[in-house]
Amino acid sequence: MNKVKYTREGIVQTGDESLDFDINNVLRLNGIRDENGNLICDTSTALLKGRKNAVQKSVAIIEVLDRKRKLTSAMLKRKVEEIKEKPMRDEFAGVTIFFLERKIRLLQKLGK
């Protein structure tokens, strides 16, 4: 990680085109920027909002299954597999999977 450098504005740079692409477009560590490089959305806000939305998505999945009386560890495992098998996962899919797997463990302890 000797390549990683920071500007005074806190922008992460490496000087390696491939790594910079991942940092800016995949990981979005420098926030979301328009085509001219102007900041559209601050990273910390976007990451927190994205994680919060993923948690809410997890809760919604659980609530729907519970209302339908289908909330079991087996059903949640199927939902997790559906998420994992998508060729292009949703943003923050890992957060959704984390919370669903946590609920699976709880249901298994309860024998469901």
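Phe 98 is partly exposed, with a relative accessible area of 44%, where partly exposed lies between buried (under 20% relative accessible area) and exposed (over 50%), computed with a 1.4 Å probe on protein chains only. This is a predicted model, in which local features need pLDDT of at least 70 and side-chain atom pairs count only at pLDDT 80 or more, while totals for chains, interfaces and linings use all residues. Residues are numbered from 1 along each chain as its sequence is written, and side-chain values use heavy atoms, with hydrogens and water left out.

The structure holds one aromatic pair. The ring centres of Phe 98 and Phe 99 are 5.1 Å apart and their planes stand at 90°, so the pair is edge-to-face; rings of Phe, Tyr and Trp (its six-membered ring) pair if their centres lie within 6.5 Å, and planes under 30 degrees apart count as stacked, over 60 as edge-to-face and the rest as tilted.

| Residue | Relative accessible area | Class |
|---|---|---|
| Phe 98 | 44% | partly exposed |
| Phe 99 | 23% | partly exposed |

At the start of helix H1 (residues 17-26), a side-chain oxygen of Asp 16 reaches to within 2.9 Å of the backbone nitrogen of Ser 18.

Notes
A polar contact is a pair of N or O atoms within 3.5 Å; within protein, one must be able to donate a hydrogen and the other to accept it, and residues adjacent in sequence count only if both atoms are side-chain atoms. Helices (H or I, at least four residues) and strands (E, at least two) are DSSP runs, numbered from the N terminus.
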